[in-house]
Amino acid sequence: MEWANQLCENRQFGSKMTDSKYFTTTKKGEIFELKAELNSDKKEKKKEAVKKVIASMTVGKDVSALFPDVVNCMQTDNLELKKLVYLYLMNYAKSQPDMAIMAVNTFVKDCEDANPLIRALAVRTMGCIRVDKITEYLCEPLRKCLKDEDPYVRKTAAVCVAKLHDINAQLVEDQGFLDTLKDLISDSNPMVVANAVAALSEIAESHPNSNLLDLNPQSINKLLTALNECTEWGQIFILDCLANYTPRDDRESQSICERVTPRLSHANSAVVLSAVKVLMKFMEMLPKDLDYYSTLLKKLAPPLVTLLSAEPELQYVALRNINLIVQKRPEILKHEMKVFFVKYNDPIYVKLEKLDIMIRLASQANIAQVLAELKEYATEVDVDFVRKAVRAIGRCAIKVEQSAERCVSTLLDLIQTKVNYVVQEAIVVIKDIFRKYPNKYESVIATLCENLDSLDEPEARAAMIWIVGEYAERIDNADELLESFLEGFHDESTQVQLQLLTAIVKLFLKKPTETQELVQQVLSLATQDSDNPDLRDRGYIYWRLLSTDPVAAKEVVLAEKPLISEETDLIEPTLLEELICHIGTLASVYHKPPSAFVEGSRGVMHKRLPARTGSGESTESPDVGTAAGGSAPEAAPSIIPSQGDLLGDLLNLDMAPPTTSGPPPPTTGMQMGGMDLLGGGLDSLMGDESEPPHVPPRMDTPRSPSPQPPSPVYTHTDYTYTDYSHTDSPPDHSPTEHSPPAELGGDIGGSPAMGAGFGAAPAVMPASLNAPVGGGLGDLFDLGGVGMPMGAYIPPKIVWLPAMKAKGLEISGTFARRAGVIQMELILTNKAMSVMTDFAIQFNRNSFGLAPAGPLQVLTPLGPNQTIEVSLPLSTVGPVMKMDPLNNLQVAVKNNIDVFYFSCQYPISMLFVEDGKMERQVFLATWKDIPNDNESQFQIKDCHLNSDAASSKLQGSNIFTIAKRTVEGQDMLYMSIKLSNGIWVLAELRVQAGNSNYTISLKCRAPEVSQCVFQCYEAVLKN
Amino acid sequence: MIGGLFIYNHKGEVLISRVYRDDIGRNAVDAFRVNVIHARQQVRSPVTNIARTSFFHVKRSNIWLAAVTKQNVNAAMVFEFLYKMCDVMTAYFGKISEENIKNNFVLIYELLDEILDFGYPQNSETGALKTFITQTGIKSQSKEEQSQITSQVTGQIGWRREGIKYRRNELFLDVLESVNLLMSPQGQVLSAHVSGRVVMKSYLSGMPECKFGMNDKIVIDKQGKGGGNGCQSIAIDDCTFHQCVRLSKFDAERSISFIPPDGECELMRYRTTKDIILPFRVIPLVREVGRTKLEVKVVIKSNFKPSLLAQKIEVRIPTPLNTSGVQVICMKGKAKYKASENAIVWKIKRMAGMKESQISAEIELLPTNDKKKWARPPISMNFEVPFAPSGLKVRYLKVFEPKLNYSDHDVIKWVRYIGRSGIYETRC
């Protein structure tokens, strides 16, 4: 490299005895020269040569040709030289595996050295040489080192197990190293414990279902003891590991919290954050009325604030985490607003994060201070920061009503600065303020209109156009203003085009006489000259609406809008919960689950907060469950983005929800979400049922609507929706022959009730969901009674273990879920000649952690030809291992004669828990959130139930129907299922009258369960 | 865990590259150079994700340290480790510079091998490391020495070795505080806090058991003395401790006990927000006279005992970018307009308590078309005062060494208080 060569020229400085001279080897014959030096007899010369080799290696030169010569230097009692050779080996062994074998002998010998430092060095280095052949030789020395008398060697060996596991996982298991590693958790030396914990945690991560760490109260106690004694890094490993544990009850949870809280005073921020993670997680289990709960909340604030005096990089990590904590538990930091005030010389990444948190903490109590600060920030230099500050002012106005007036006047002041990006940002947020407080601040419109020309960003233009359209009746020259935008219609972004279309239609409905031309112009621009399907569709809809029923059009387009929510940019609750479990880690910095940025299986398992209402595991302490029953789910809906936003996204609306920044997401992606849910509804609108729902419909020519399907559904920007009545005659699309505007003028004054095509008043989506019958999506939320639930489906008993195979013992059985308890119902028959006694049962690890919750109750001996029925309650807290098929269960039954093994498959429906009914909004959000790749479709053939019967039948098995809607005789049932391990499965079941084939689509974050779930549907529905 | 660690010079040439995990390839070295060091726009986050690989970086002078990973690592730990790495290197060879790194690259590799194993940070206390990573070549240790080293590195007191001897047992305590203030032009305190550190330099023999006491409100109230000593107690918002302090004991009894590392260590950090003594008050007056002239008048008042002297006082008054000329008159000290810094810098060497001083300036401006108004950055101040603005007082530091025969009385103790300005700003 350049600098290495530069130094070469300054060789006179080489006399200064420093290492940098090693970077200065001459180019010609370098390798040859080094070779000679490496083979020199003099130790010093050898060492010098190796240093040169390492220097070359660092700058990226290939010195692999020297491999044998360097390895020859390995046999030395000079520790420094040895380390250098090892460094070389680690780098090149992989490219020269055969030669690397040469080094094995020395390693093995070194592992026996009298000096513990050398033993440790050897075992540490061996693990870094990723050559398969070497790993075999590594096993024996590693085994010895794991039991070495010196803790330094043991702690190094513990990490080496993780290294070996990374190279050859099977080998580690076969050699029993995992058990040795588990034993090290009880080691007397705290550092050995810490490293063993780190290694085990890592290994466990790549086997998400294994129960490697096997945390129980005893081992937790050991970890907590080691926590007080080990290095700062060790404390981090242990705390991170503790966070994966789920205490049995609130008492255990509290006692762990008590022992973890002292860590909050550690100087190392990572120790503090990991402790915060443990506390945040275990706090979930504490009853809220407990004194300790509030004490703990108070204890959390000061350390979080202290993190802000750390170095800027750590501040950044801390702030990203605080952002999560504030969303989860706003009470912790609600009085600490001031510490998040931005300092003039904070790095920009710290400033932006602080601003985010300031808005989250803004409340009536502190709003004055916050506003004063934000105003300061809006005059700073950094453009992004200023924009964000301006937006923040708008968000304050929406969040704290009392401050709205002051916010608006602040924004007006900022608009007066005429700084282009400040003005644009201000207009975008003022639009949201108008939405939140209608008919209150319209006096400022005049000021806004003055700045029309300076707007060059689509979002700002769209916002301005929206304002003009919305308040067209108060703006004298609204038509002129909108017309001026129309000139460059095709150069505008989609967002602006759609907004312009809507605004002009609004204007027309408000001032019909003067604006006919304008509306015709925009409709024809949208429908004929545009190749954007969204724009065209909306154009057609307006057109038909205006031509068919102007009164209805007025009610639809000018319908009252639902209020927008106060909180925005909130993280979706399930993701938030997961991220809370990852406090301190990269996931919490990115605000993304690990699966979004980690490759392979590591860390893909979704973590969850422990539930306060223990579903299965807290049976020992029922008092906990009742104490705070249901408070966790209650909190959930409040954190969801407002319903409007949600549906807005679903249906591909372009008007961004308040203060969501950035350009509109790519249309096709968004469309998918909406289309999936709407399913046939939209298809029918397009009159093309054969089109798969995923493909956004494209219209190449103005097409006439199909004559058959009635009641299509659509929504548009303003979150209004309608089902407009079907026209018999296809509208004529040539504007010359089209004369609706003229007729409209007269009609519009008429009574709104005259809207003949309307079954009911146009519903506003989603605030009031009383959609007309057959109205599609509206119905989705308006599900009537679902009929009486029936009992859960229990498959008939089948023979699992024939007598032939089990020395006369025949076992048949089935699984059932009764009153929330999973039971294995067995019939044991003794077909042998002798009496059977001493029955016991055991399960192998399985996918859902099924395990017997008690012993097999066969009290009396089973005589020949006797039969006994037993039912064995099962728990789902056993060790977990993924089976194939997923619902396979391997069972061992023992009696006085022998041990017998069999495997059976359980219906996954017995894992469906009783609280599996999802909130509708959550359902929508989750459905959208799960990638389409995870969706699987199945057919259920020959099922003759109607949808209600199916729904109640399924409910008996804890498959809950959340919503139902009917589109052209096809019933769509939306259902949710929760598995005992917390996996949610969402389903859409389509039932068509007269057709005995059902279609079912399943969406789940763990798509592998879909097949099993489908089988259950089939079984339940057909029995 | 950490997959690799790279050190670059300011040009982006790699000086040290140590890869711990197989998933990190040589191309990661280049990815960071291209996307971060050579990035056209300044990178806006200390964590960068490039092609599913995450890079954590810190900069020391013009040296970049980057830790690389492909896993969901503990991000806070990675940064703490990078800082620690810098500390260790500084302790071994002084300033982190390109030259020093090249001169010590073998040592750095050896250190990296020791303090990071498979990406897991190991004992990184310089006290312990220096016992066996020496760079002095062959040093044959006796068996006892070896086991002493290993037990120290892995032991409970990893930061101190046994058998330290001093003829004179001595310790120095420095209470270093930085007082931060943000004040509105009207003199309203927008935010104020003190972040303080207690730095201890100890030269004590053996394994001394120490106990540190200060006028912590919680402790004083508990003892119920009710300020009998005339010692005002202070409310500490939060404090963190060096890893030698027994945290569980602090949590239970609020007593600070520890065995200190030999030499210097930062024993404690703390933060207070209540009853802060603000050593100076800045009263700004900015008047715009037409479009081409500004009149600035700033008064500073010192607010502490007249017997004490503040030092190194510096007031920085920002000026607009289009300043063409400045005339300054000040009663005390020296004031200068520094065009390159866009500020008037007013320096006063010493100032006693309860005094006030004033500066007035006339700033001439060039007419501009720039629509954007001057942002009026705040007036900032620097100073040093010989007391702790938080009011913290050291009450005692007791030393016990049961095995050696020196007692608490034989230890010579020195305590010093220094209050410095942190970010001490007044908006104008």
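## Confidence

pLDDT is the predictor's confidence in each residue, on a scale from 0 to 100. This is a predicted model: local features need pLDDT of at least 70, side-chain atom pairs count only at pLDDT 80 or more, and totals for chains, interfaces and linings use all residues. Residues are numbered from 1 along each chain as its sequence is written, chains are lettered from A and ligands numbered from 1 in the order in which they are written, and side-chain values use heavy atoms, without hydrogens and water.

Chain B has a mean pLDDT of 88, with 96% of its residues at 70 or more. Among its elements (DSSP runs numbered from the N terminus: helices are H or I, at least four residues; strands are E, at least two), strand 5 (residues 63-69) of chain B has the highest mean, 95. Helix 6 (residues 143-154) of chain B has the lowest, 75. The complex gets an ipTM of 0.84 and a pTM of 0.68 from the predictor.

## Extent of the interface

In chain B, 98 residues are in contact (heavy atoms within 4.5 Å) with 114 residues of chain A. The two chains bury about 8900 Å² between them, 55% of it on carbon and sulfur atoms. Buried area is the accessible area (1.4 Å probe) that two parts lose on being put together, summed over both. In chain B, Arg44(B), Asn72(B) and Thr154(B) lose the most area to chain A, together 8% of what that side buries.

## Salt bridges

The rule finds 12 salt bridges across the interface of chain B and chain A. Each is a side-chain nitrogen of Lys or Arg within 4 Å of a carboxyl oxygen of Asp or Glu. One of them joins the side chains of Arg427(B) and Glu376(A) (3.8 Å, N to O). Helix 2 (residues 75-93) of chain B gives the largest share of the side of chain B that touches chain A, 8 residues.
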